[in-house]
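Me: I would like to go through this model slowly, one question at a time. Could you help me read it?

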Amino acid sequence: MPIGKVLRQGKQYLNPVPTAVGNASLFFKVLYLYLTNREERTPKRRPGPFRTDARVYENPPASGLRVTWMGHSSMLVEIDGVTVLIDPVWERRAAPVEWAGPKRFFASPLRLEEMPRIDVVLLSHDHYDHLGAHTVQRLARMEATAEAVWVTTLGVGKILKKLSIQQARELDWTESMRVGELELTALPARHFSGRSLLTRFETLWASFVLAGPKHRVYYGADSGEWEGFKEIAQAYGPFDLTMLEIGAFDPLWADIHMGPDGAVRMFQAMGARGLMMPIHWGLFDLALHGWRQPIESVFAVEGLKIWAPEPGMPTEVVQGTAVRSEWWRLEER
C-alpha cells in the first residue's frame, strides 16, 4: 500500500490500514488482567538517579548527530546544527491529572530550566505520554524556546493554543517543512489519538523523518506493525538512527503497539541499515508486561545493531557503533 496523505471519515482520521483500537469490552478484560497480573511492572527500587550535564550542549556534537534520551519517547536530538526536542513529557504522571495515572519511574535527568536553545519542538500526537500539558506551558515561557518552531500533526494546534503556543505548524502525512538545513517530514503510523474517549481519532498521529545535509533519523513514534515501514525506508532512507517503540505492548492491542518483536521485524523490513534505537519504554507502566521485558527481548536478538544509551546521557551517534547501556539491570543489585 503506497504511503500518502491521511483519509478522513467525518471528523475522524483513518489509519493507513484497518486497525482495531478496542472498546468497552476490552477495558473490562484488561482490568481483570491488571488485577491478576504478577509481573514486575514497576521497578522495586527506583532507577538512577540520572543526571544530564547541561554543559555538554555548549559544544556541538563532533559527529553531527547526538541524542539525549530522557526516557520513554522524550528526547533531545542535535542533528546537523539543528536541535529538536521530541515529545516532551516532564510530568510526574502520563495522565490528565497529577494525582492518578502512570507515574514515572525516575525523575527527568535534565531540568527544563537547563534546556539548551531549542530550534524545533516536535509533537507526534496528542496522547498524554507524548504531549505533557504542563511541560508545554513551561516551555512556552522559556527563553530557550523563544524562537523555536513548534511542529505537530493536523488538529493538535488547537490543543497547543490552549497551552499558550499560538503558532504551530501542523503537518499531514507526507508533508514536509524546513527549519534551517533540516527537513522534517510527517509520515503515516498505525495508531490513534485523543486525550479522552470522546475525542479519539479527531487529531492526527504520525511518525517523522528528520533529514539534514549529513544525517537522517526516523522517529517511529507510536505504531503497530504494517508494510509502510518498508516503503518509508525505501522512499526516505537510509537512516543513521531508526527509533522504534518497544514498550506498552500486548497481544490485545497489537494493532497499535508493535512491541519488541515487532520493532525488530520492522527494523529488518526497513533494511536493518544504520542503528536501531528502542524507545517508548523504561519510564511509565502502560501495559501488563514486566518493565524490563521489552529491552531484554531486544538485547537477546543476535546481530541486532542496537543504540540504547543511559537516560539523560548525551550520546553521539557514530556509524556502525552500537550502544548497549544496561542501566536497567543496575536496579537488581
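**Strands, a helix and a buried aspartate**

Reply: Strand E12 (residues 216-219) and strand E13 (residues 241-245) pair in the parallel sense, and 3 bridges join them. Please keep in mind that this is a predicted model.

Me: Which residue of E13 is the bridge partner of Tyr 218?

Reply: Strand E12 covers residues 216-219 and pairs with strand E13 in the parallel sense. Within E13, the bridge partner of Tyr 218 is Thr 242.

Me: Which strands stand at the edges of the open sheet?

Reply: The open sheet is formed by 6 strands with mixed pairing, in the order E9-E10-E11-E12-E13-E14. Two of these strands have a single partner strand each, so one side of each is left without a neighbour in the sheet, and they are strand E9 (176-179) and strand E14 (275-279).

Me: At about what angle does helix H5 run to E13?

Reply: Helix H5 is made of residues 259-269 and lies across both E13 and E14. Its direction relative to E13 is about 150°.

Me: How far from Asp 87 is the nearest side chain of opposite charge?

Reply: Asp 87 is placed in the loop between strand E5 (82-86) and strand E6 (120-122), and Asp 87 is buried. A salt bridge would need the charged atoms within 4 Å, and Asp 87 has none, since the nearest side chain of opposite charge, Arg 195, is away by 9.7 Å.

Me: With which side chain does the side chain of Asp 87 make a polar contact?

Reply: Beyond its neighbours within four places in sequence, Asp 87 is in contact with several residues, including Ser 73, His 130 and Tyr 219. The polar contact, at 2.7 Å, is with the side chain of Ser 124.

Note on methods:
Residues are numbered from 1 along each chain as its sequence is written. This is a predicted model: local features need pLDDT of at least 70, side-chain atom pairs count only at pLDDT 80 or more; totals for chains, interfaces and linings use all residues. Side-chain values use heavy atoms; hydrogens and water are left out. Helices (H or I, at least four residues) and strands (E, at least two) are DSSP runs, numbered from the N terminus. Buried means under 20% relative accessible area, exposed over 50%, partly exposed in between (1.4 Å probe, protein chains only). Lys and Arg count as positive and Asp and Glu as negative; His and the chain ends are not counted. A polar contact is a pair of N or O atoms within 3.5 Å; within protein, one must be able to donate a hydrogen and the other to accept it, and residues adjacent in sequence count only if both atoms are side-chain atoms. Contact means heavy atoms within 4.5 Å. Two strands pair if DSSP finds at least two bridges between them. Axes are lines fitted to C-alpha atoms, for helices over the stretch in contact, and angles run from 0 to 180 degrees between N-to-C directions.
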